[in-house]
Amino acid sequence: MSTPAWLQLAAFLALLLALAWPLARAIDAVMAGRFALGRRIEAPLWRLAGVQPERESGWLRYALGLLVFNGLGVLAVYALQRLQHVLPLNPQGFGAVTPDSAFNTAISFMSNTNWQGYGGESTMSYLTQMLGLTVQNFLSAATGIVVVIALVRGFSRHSVKSIGNVWVDLTRATLWVLLPLSLVLAVFFAGQGVIQNFSPYTPVHTLEVAADGAATQTLAMGPVASQLAIKMVGTNGGGFFNANSAHPFENPTAVTNFVQMLAIFLIPAALCFVFGRMVGDRRQGWAVLAAMTVLFVAFVVAATTFEHQGNPVLAALGADQATSALQSGGNMEGKEVRFGINASSLFAVITTAASCGAVIAMHDSFTPLGGMVPLVLMQLGEVVFGGVGAGLYGMLVFAIMAVFIAGLMIGRTPAYLGKKIEAHEMRMVSIAILVTPLLVLIGAAVAVMTEAGRAGIQDPGAHGLTEVLYALSSAANNNGSAFAGLSANTPFYNVLLGLAMVFGRFGVIVPVLAMAGSLAAKQRASATDGTLPTHGPLFVALLIGTVLLVGLLNYVPALALGPVAEHLMLWAR
């Protein structure tokens, strides 16, 4: 990478660390109920809702509460889309969203995936965007936070059968973590030029006459800044506009672009420190954060390097002066020219590492190996920082797998943070790790074997397979970004991807909560001379190796037939 790229990455990581540390203290206090002002404000809410905050539950009741809560969210968002033509705040008179698209979108925003098979400014009314999509941005992010808090309680408690009160946890995560951060960010974004209004779409006169003779262009309006803030801080990624964060009304300057990248990683990084605080050993949080950071930096270097190398076909024709000039700046196809290759590559890695899905460049236009980087990040299970909450509980699943492997190698009963890892925990770990590869690979196989699935593929051959593989990886791992070459807004893909999103979300959450309940019931043993330290460089290396080996091994054949084959074919021309 060039010096500017390294400086950009260093500035990003330094600011992220400086912001995440104090935020972690606040999150720890809020979720533990030590925020005095919050308790006074919460009390009437508990009485109104009939919630007993001191009454905690076991993992099964906790999981059922989340399932019911999110299921009601799906129904509400589906109804808003189907009825938006008769509801207010619809100045453009948009009709009802089709049943299959409404089904897909409702599941997408409930599961923190925010996959969008539609154009926001040409499909959704202001009311649907605010009351449906933006609200679900908050609630899906809160769901991820409370799941990881419940899992960490399982490690920090002993000989108890409860892991918390789901309604209290959801309220605190939303009210005292997500809302304040989103409010600050929304005001900042509006001050930087992100629009926030209820105006009708505005026609403007253009400087040039278009090919069809038109001399005007219609500019979409709307309450964008408020949705943009929680879109980023909640690692949601669903854009108000079809162009997402490449749209100047949603990302007007280099400053907003940098802040959006920081916002994506802010809570996932802070939760690593929360983890260390809650288990009583801050070194544990640093170890997990170190593993995430090493993987993140490696992927940023890879993506930036591949994009600066440019298209291999054009590089092979470098003897031609005009062709050489096209490659002098690297592969700029599909990039936002305001930000260039360095920022575009960094954003692509951040958004797919963190389960966000917002984009400022078309990943479909990346070089074959450059496009493979965000694909691999999703296939690792979204654990390199990952989504809000989801990234940490995914990484802790790999940490349990790592200590289990280490225990097998040295012939000792594996333990993590003083809790013995036994058969039940390993069954839950296996389910959590294997559910998404099964959804991705089986779903991709169904798509390429059926006429309805093949009909949506834009490009033949290896690139077309990559488009399908990317879509299923994005859906099952709850990322939401797209390769953009796949026509996915069809009944077939809306249903297929919708099922992948819901099972990819709760197929991991339920076993994680079951693990939390099992761990909370165990005694916490003291470390001995034979205990594997889980806070040093050795464990960080073991954890990284486990993520790469276990998380990626399932996908190697598919990757070989997709981006790797495409790269080799381009170089062979």
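Some terms come before the helices. An axis here is a line fitted to C-alpha atoms, for helices over the stretch in contact, and angles run from 0 to 180 degrees between N-to-C directions. Helices (H or I, at least four residues) and strands (E, at least two) are DSSP runs, numbered from the N terminus.

This is a predicted model, where local features need pLDDT of at least 70, side-chain atom pairs count only at pLDDT 80 or more, and totals for chains, interfaces and linings use all residues. Residues are numbered from 1 along each chain as its sequence is written, and side-chain values use heavy atoms, with hydrogens and water left out.

Take helix α10, residues 282-309, and helix α15, residues 390-410: their axes come within 11 Å and cross at roughly 100°. That makes α10 roughly perpendicular to α15, a label for angles of 65 to 115 degrees; under 35 is roughly parallel, over 145 roughly antiparallel, and the rest oblique.

Which residues of α10 and α15 meet? On the α10 side they are Val288, Met292 and Leu295, and on the α15 side Gly391, Leu392, Met395 and Leu396. Contact means heavy atoms within 4.5 Å. By class, six of these residues are nonpolar, one is polar and none is charged. Ala, Val, Leu, Ile, Met, Phe, Trp, Tyr, Cys and Pro count as nonpolar, Asp, Glu, Lys and Arg as charged, and the others, Gly among them, as polar.

Now the cavities. On a 1 Å grid over the protein atoms alone, a cavity is a set of points where a 1.4 Å probe fits but cannot get out, and lining residues have an atom within 4 Å of a point. Grid points are joined across faces, edges and corners, and a volume is the space filled by probe spheres set on the points.

The whole structure has three cavities of 30 Å³ or more.

Last, Leu151, in helix α6, residues 126-156. Is Leu151 buried or exposed? At 1% relative accessibility, Leu151 counts as buried; the cut-offs are under 20% for buried and over 50% for exposed, with partly exposed in between (1.4 Å probe, protein chains only). Leu151 touches Tyr393, Leu396, Val512, Ala516 and Leu519, leaving aside residues up to four places away in sequence.

How values were computed
On a 1 Å grid over the protein atoms alone, a cavity is a set of points where a 1.4 Å probe fits but cannot get out, and a pocket is an open set with protein on both sides within 12 Å along at least five of seven lines; lining residues have an atom within 4 Å of a point.
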